[in-house]
Amino acid sequence: LAILRYFGKKAKLYPTDDIEALAVDEIMDLGQDILTKTPQDPDPETKIKKRQEYAAGKMKSMFALLNQRLEEAGSGWCCGSDPTIADLVIYYILTMLRSGNFDHVDKNYADEWPKIAELEKKLPEHPVLKAYAASKA
């Protein structure tokens, strides 16, 4: 996250306003928690059970909070009127879910939260991200 903040500042995707930066940090920390608190287990059946419980409990509460923050922002972005590295963190998690790289959690998991689903559609359409994607094609 420190490296992401560093490059976010360089790319002007991290706010200079302290309160907005705090909001970005909160979203990034929530994203980090979603990933790092995901249960692991060497036994495949136990791992499946733990992941399903996590998705129905703690992960669900974190997604609900992310959705709430998006609602509060009112812009379709996590914090402020432009995309930030917080939006990129959430998009990365959604990409993991959709691609099946988040074992034993439904690929459509995020569809339950409308603001998160909107962000997932909106972010790739932003001119900066469209230009970046075009440069990699």
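The model is predicted, so please keep its ground rules in mind: local features need pLDDT of at least 70, side-chain atom pairs count only at pLDDT 80 or more, and totals for chains, interfaces and linings use all residues. Residues are numbered from 1 along each chain as its sequence is written, and side-chain values use heavy atoms, with hydrogens and water left out. The structure holds 12 salt bridges and 4 aromatic pairs, and its largest nonpolar core has 33 residues.

**Salt bridges**

- Side chains of opposite charge can pair when their charged atoms come close. A salt bridge here is a side-chain nitrogen of Lys or Arg within 4 Å of a carboxyl oxygen of Asp or Glu.
- Arg5 pairs with Asp25 in a salt bridge, with 2.8 Å between the closest N and O atoms. Arg5 sits in helix H1 (residues 2-10) and Asp25 in helix H2 (residues 18-36), so this pair ties together parts that are 20 residues apart in sequence. Helices (H or I, at least four residues) are DSSP runs, numbered from the N terminus.
- Both Arg5 and Asp25 are buried. Buried means under 20% relative accessible area, exposed means over 50%, and partly exposed is in between (1.4 Å probe, protein chains only).
- Arg5 and Asp25 also belong to a network of salt bridges that includes Asp29.
- Glu26 forms a salt bridge with Arg69, the closest N and O atoms being 2.9 Å apart. This pair links distant parts of the chain, with Glu26 in helix H2 and Arg69 in helix H4 (residues 58-73), 43 residues apart.
- Glu26 is partly exposed at 28% relative accessibility, and Arg69 is partly exposed with a relative accessible area of 22%.
- Arg98 and Glu120 meet through their side chains in a salt bridge of 2.8 Å, N to O. Here helix H5 (residues 85-99) supplies Arg98 and helix H6 (residues 114-122) supplies Glu120, a link between distant parts of the chain that are 22 residues apart.
- Arg98 counts as partly exposed at 28% relative accessibility, whereas Glu120 counts as buried at 16%.

**Aromatic pairs**

- A pair of aromatic rings is described by the distance of the centres and the angle of the planes. Rings of Phe, Tyr and Trp (its six-membered ring) pair if their centres lie within 6.5 Å; planes under 30 degrees apart count as stacked, over 60 as edge-to-face and the rest as tilted.
- One of the 4 aromatic pairs is Tyr6 with Phe7: the ring centres are 5.0 Å apart and the planes stand at 85 degrees, so the pair is edge-to-face.
- Tyr6 is partly exposed at 46% relative accessibility, while Phe7 is exposed at 51%.
- Phe63 and Trp113 have ring centres 5.2 Å apart and planes at 40 degrees, so this pair is tilted. Phe63 lies in helix H4 and Trp113 in the loop between H5 and H6, so the pair ties together parts that are 50 residues apart in sequence.
- Phe63 and Trp113 are both buried, and together with Tyr109 they form one aromatic cluster.

**Nonpolar core**

- A nonpolar core is a set of buried Ala, Val, Leu, Ile, Met, Phe, Trp, Tyr and Cys residues joined through side-chain atoms within 4.5 Å.
- In the largest core, the residues with the most contacts inside it are Ile34, Met59, Phe63, Leu97 and Ile116. At least two residues of this core come from each of H2, helix H3 (44-56), H4, H5 and H6, and H5 gives the most, with 8 residues.

**Helix H3**

- The 13 residues of H3 should span 18 Å at 1.5 Å a residue, and its end C-alpha atoms are 18 Å apart, which agrees. The expected span is 1.5 Å times one less than the number of residues in the helix.
- Lys47, Arg51, Tyr54 and Ala55 are the buried residues of H3. They cover an arc of only 95 degrees around the axis, which puts them on the same side of H3. The arc is that of the directions from the helix axis to the C-beta atoms.
- H2 and H4 are among what covers the buried residues of H3.
- Glu45, Lys49 and Ala56 are exposed residues on the face of H3 turned away from its buried side.

Key: Contact means heavy atoms within 4.5 Å.
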